[in-house]
Amino acid sequence: MNAWDRRFQNKTYIYGKEPNEFIVFAQKKLNLRRGSVLAVAEGEGRNAVFMAEKGLSVTAWDYSAEGLKKTQSLAAERHVEIKTALADLTDADWTPESYDAVINVFGHIDPAGRESMLEGIKNTIKPRGYYISEVYSKHQLPYKTGGPPKEEFLYDAGEILETFKDWRIIHFFTGEVTRQEGKLHNGLSHVIQIIAQKI
């Protein structure tokens, strides 16, 4: 059992059952109501379930089997269907041009695999599709309101902009937000948000 399985194995949804505020904003802004969505590092399923409730066909990937069980439980509770798959984002099978959107909410992985993950995400999104993400920035550590305790696992705004420099940037923000998400994301935080469209 890995650390994420241990974190997710109890019945409490430690990040809550409600979607991330930025995902709610992005879905409304883009009026996403049909098509396919891949939710990576999806944890207990709150964002995937929200997207499914809006009428989208959703697949959730996570490194934790326990998290995916809770994703399916939440989907059943909300009367939607979600496909789930156990995935290591540092070595995933990114099928080209398969999804209309990929969402990544606080998906902080081993930095050695982050470039590969982002390239995989770019590859698996269909033309005209979207990458939608909110992650903690490298300025998050002193806030102590969530996220990894090591700076190398946090994101750099310049890195993200460089990665998506050939896409249409619809929304980009880095700075302070307040998040109240279950037990582990609470209070003023420093994040990076992006909505980018594949050209």
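**Ground rules.** I number residues from 1 along each chain as its sequence is written, and my side-chain values use heavy atoms, with hydrogens and water left out. Because the model is predicted, local features need pLDDT of at least 70 and side-chain atom pairs count only at pLDDT 80 or more, while totals for chains, interfaces and linings use all residues.

**Entry 1, the record.** I looked up the annotation. UniProt, in an unreviewed entry, places "domain: Methyltransferase" at residues 37-129. Positions from UniProt are in the numbering used here, feature names are shortened, and annotations may be inferred rather than shown by experiment. In the model, the end C-alpha atoms of residues 37-129 lie 10 Å apart. The span is 34% helix and 29% strand. For these labels I take helices (H or I, at least four residues) and strands (E, at least two) as DSSP runs, numbered from the N terminus.

**Entry 2, the sheet.** In what order do the strands of the open sheet stand? I read seven strands in the order β3-β2-β1-β4-β5-β7-β6, with mixed pairing. I call two strands paired if DSSP finds at least two bridges between them. The edges are β3 and β6 (168-181); each has a single partner strand, so one side of each is left without a neighbour in the sheet. From one strand to the next, the twist averages 15°. Helix α5 packs on this sheet, touching β1, β4 and β5, and its direction makes about 145° with that of β5. Axes here are lines fitted to C-alpha atoms, for helices over the stretch in contact, and angles run from 0 to 180 degrees between N-to-C directions.

I then followed strand β2 (residues 57-62). Five of its six residues are buried, so the rest of the structure largely encloses this strand. Buried means under 20% relative accessible area, exposed over 50%, and partly exposed in between (1.4 Å probe, protein chains only). On one side, β2 pairs with β1 in the parallel sense over four bridges, and Val 37 stands opposite Val 58. The chain gets from β1 to β2 through α3, in a right-handed β-α-β crossover. Right-handed means that, with the strands pointing away from the viewer, the path from the first strand over the helix to the second runs clockwise. β2 also runs parallel to β3 (residues 82-86), joined by five bridges; here Val 58 stands opposite Ile 82. With α4 between them, β2 and β3 make a right-handed β-α-β unit.

How many of the eight residues of α3 (residues 46-53) are buried? I get seven: Arg 46, Asn 47, Ala 48, Val 49, Phe 50, Met 51 and Ala 52. Just after α3, Gly 55 takes a positive phi of about 100°.

In α5 (residues 114-124), the buried residues include Arg 114, Met 117, Leu 118 and Ile 121. Their cover includes β1 (36-40), β4 (99-105), β5 (125-136) and α6 (157-163).

I checked one lysine in α4 (residues 65-77), Lys 70. Lys 70 counts as buried because its relative accessible area is 8%. Leaving out residues up to four places away in sequence, Lys 70 touches Phe 8, Asn 10, Lys 11, Thr 12, Tyr 13 and Glu 44; contact means heavy atoms within 4.5 Å.

Searching the whole structure gave 12 salt bridges, each a side-chain nitrogen of Lys or Arg within 4 Å of a carboxyl oxygen of Asp or Glu.

- Arg 46 pairs with Glu 181, closest N and O atoms 3.0 Å apart. Arg 46 lies in α3 and Glu 181 in β6, so the pair ties together parts 135 residues apart in sequence. Both Arg 46 and Glu 181 are buried.
- Arg 179 and Glu 134 meet at 2.8 Å, N to O. This pair links β6 with β5, 45 residues apart, and both residues are buried.
- Asp 166 pairs with Lys 122 at 3.6 Å between closest N and O atoms. Asp 166 is in the loop between α6 and β6, and Lys 122 is in α5, 44 residues away. Asp 166 is partly exposed at 48% relative accessibility, whereas Lys 122 is buried at 12%.
- Glu 18, Glu 53 and Arg 78 are linked in a network of salt bridges.
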